[in-house]
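I'd like to walk you through some side-chain contacts, so let's get the picture up.

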Amino acid sequence: MPDDKLQRVEEEGGDLLARISNEFVTMQKEFWGLGPLEAKSYMMDDLLLVVMRGGMTRAELTMIDFGRQDLVRNFRQIFEDDMTKNLVGKIEHLTGRKVLTYQSQVLFSPNIVTELFVFEKAAEAGSAEIVATAKGQLNKRPHGKVEDRTGMTTSAAPTDEASVTDTQD
């Protein structure tokens, strides 16, 4: 997205990180047919990391049982490569920041998908997103739960609030 098309976003801090997590759950369900069981976003310097746990399709789990993790990884990589424009566009829209590059990785045992975005500029020192990420790492209480439009409960980014619920159907 060109810099002149980026706009200032209303959400920040834990609210923005939770929104990013929720949007990725929704996109995974829309494009894969099944979304992760948990999602959490972290922002550090010029990096955004989205970690999604669970959510492998039945076919993928079967291929993993057959010892064919390589085929699952290759297919997911090809799919994510073709989805780059959509995913980068979503992050630029949500954050109001230019993304330089993006990488996706699937891990097995446990099943985790990571999405790493590199921004053009580092976040300002003490930005609300970085503070929310740090608080989530220092605070021993569990982070909030977020329910998306399909009713799936997912883990959200740490916030000062105990939980956030989206009740739209």
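**Charges and rings**

Let's start with Phe75, which is partly exposed at a relative accessible area of 48%; for that term, buried means under 20% relative accessible area, exposed over 50%, and partly exposed in between, with a 1.4 Å probe and protein chains only. Before I go on, this is a predicted model, where local features need pLDDT of at least 70, side-chain atom pairs count only at pLDDT 80 or more, and totals for chains, interfaces and linings use all residues. Residues are numbered from 1 along each chain as its sequence is written, and side-chain values use heavy atoms, with hydrogens and water left out.

Now, salt bridges: a side-chain nitrogen of Lys or Arg within 4 Å of a carboxyl oxygen of Asp or Glu. That rule gives five of them. Look at Glu23, which is buried at 14% relative accessibility. What does Glu23 form a salt bridge with? One partner is Lys90, with the closest N and O atoms 3.3 Å apart. That pair links distant parts of the chain, since Glu23 is in helix H1 and Lys90 in helix H3 (residues 69-95), 67 residues apart. Helices here are DSSP runs of H or I, at least four residues, and strands are runs of E, at least two, numbered from the N terminus.

Glu23 also meets Arg19 in a salt bridge, N to O 3.3 Å. Those two both lie in helix H1 (residues 13-32), four residues apart, about one turn of the helix. Put together, Arg19, Glu23 and Lys90 are linked in a network of salt bridges. Arg19 is partly exposed at 33%, and so is Lys90, at 25%.

On to the rings. Phe, Tyr and Trp (its six-membered ring) pair if their centres lie within 6.5 Å; planes under 30 degrees apart are stacked, over 60 edge-to-face, and the rest tilted. We get five aromatic pairs. Phe24 and Phe117 are edge-to-face, 5.9 Å centre to centre with 70° between the planes. Phe24 is in helix H1 and Phe117 in strand S4 (residues 112-119), 93 residues apart. Phe24 is buried at 1%, and Phe117 is buried at 0%. Phe24, Tyr102 and Phe117 form one aromatic cluster.

Last bit: charges over rings, meaning NZ of Lys or CZ of Arg within 6 Å of the ring centre and within 35 degrees of the ring normal. The charged end of Arg76 sits over the Trp32 ring, 4.1 Å from its centre, and Arg97 lies over the face of Phe119, at 4.0 Å from the ring centre.
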